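Welcome! Take a moment to look over the sequence and the model, and then let us walk through a strand and a pair of helices together.

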Amino acid sequence: MMHTVKATTMAVLCCAVVGTGLVACEDSPSPAEKAVDKSIDDAIDDALDDALGNTFTGTKKIKVGDRSVNVSCSGKAAEKDQPLVLLLAGVGDGLGKIAGLQKTLSEQARVCSYDRLGEGASDKPEGLQHQADSAKILTAVLDDVAGDRPAVLAGHSLGGQIAARYAPEHQDRVNGLVLMDATIPALNAGVSKAIPKSATGQGAQLLAGTIAANSGENQEKFVIEDAKVSSAGDIPVEIIKHESQYAEVPEYGPALEEMWSKGQEQWLALSSNSKLSTAAKSGHYIYVDRPDLAIKAVRKVTAQATDDLR
């Protein structure tokens, strides 16, 4: 596509110049003409990047303010009416953890992922991060890899919550969501209710660890705050929750499972076109335990989002 546009542009310019009687089209352009050609090529490349996003394959670093963010892309460059798929891993997971899912999905779509600050090959955050800080990074990544095209965000755990919080505020950028056991909207309140302060042993450790991690004691220094779910309109949203996760704390396991299930149901308010399902025989890492379901959900939402763009 890029070469066709360039060739067409040069042909039009050449004919226009010949029509003035100033110069003829020659096989060996002068240095000045070569400079003009390069300028035109660069302008066309920039315009295509703005419209369709950067078409690189592999990994590269992009600058967001004074921080460096590691980005990975694969699959053929998508057309204007095809959304880009952007994967968001959970806290503590970099590109390597989600690489297998990206590789499979990129057989049929343009797929990218990135290390959030504090993860993988990206820079460490300067201080505590909040949703607004993460949204700034996400917007910069989309600007680079998607250009003016919308995207389908597919996130796991914290990556799912970040995507779910981002979509309602950026309905011009996000045309679909896949949430794979996304961190629930009110985890702090939920875990504090499921596990009382009087708990001991593993229950007490889980409660203390969760509250500490949510306060920013994690690799990303990300503060996970409770908040209501906002609507992103009628975009397709697939929500997948685990079947069993809390067997290691049998005393509080049932209450924790109920908390998590109710939290997943709350994500249904994201769209009038939301669906919730349970990944049988899966723990928290749905795309590892049941990659078939994760792949099916992403492809389904991408197809629906593509139809909506046409």
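Predicted model: local features only at pLDDT ≥ 70, side-chain atom pairs only at ≥ 80, totals over all residues.

Strand 3 (residues 84-88) and strand 5 (residues 151-156) run parallel and are joined by five bridges. Strand 3 also runs parallel to strand 4 (residues 111-114), this time with three bridges. Here you can find Val85 standing opposite Val111 in strand 4.

How many of the five residues of strand 3 are buried? Five of the five are, so to speak, under cover: strand 3 is mostly covered.

You can follow this on both faces. Leu84, Leu86 and Leu88 are buried on one side of strand 3, and Val85 and Leu87 are buried on the other.

## Where two helices cross

Now turn to helix 3 (residues 95-105) and helix 10 (residues 291-309), whose axes come within 11 Å and cross at roughly 50°. Because of that angle, helix 3 is oblique to helix 10. The crossing of helix 3 past helix 10 is right-handed.

Which residues meet here? Helix 3 brings Leu101, Thr104 and Leu105, while helix 10 brings Ala294, Ile295, Val298 and Arg299.

Technical notes:
Residues numbered from 1 in each chain as written. Heavy atoms only, no water. Axes fitted to C-alpha atoms, helices over the stretch in contact; angles between N-to-C directions. Helix = DSSP H or I, 4+ residues; strand = E, 2+ residues; numbered from the N terminus. Parallel < 35°, antiparallel > 145°, perpendicular 65-115°, else oblique. Left-handed = near helix turned anticlockwise from the far one by under 90°. Contact = heavy atoms within 4.5 Å. Buried < 20%, exposed > 50% of the residue type's maximum accessible area, 1.4 Å probe, protein only. Pairing = 2+ DSSP bridges.
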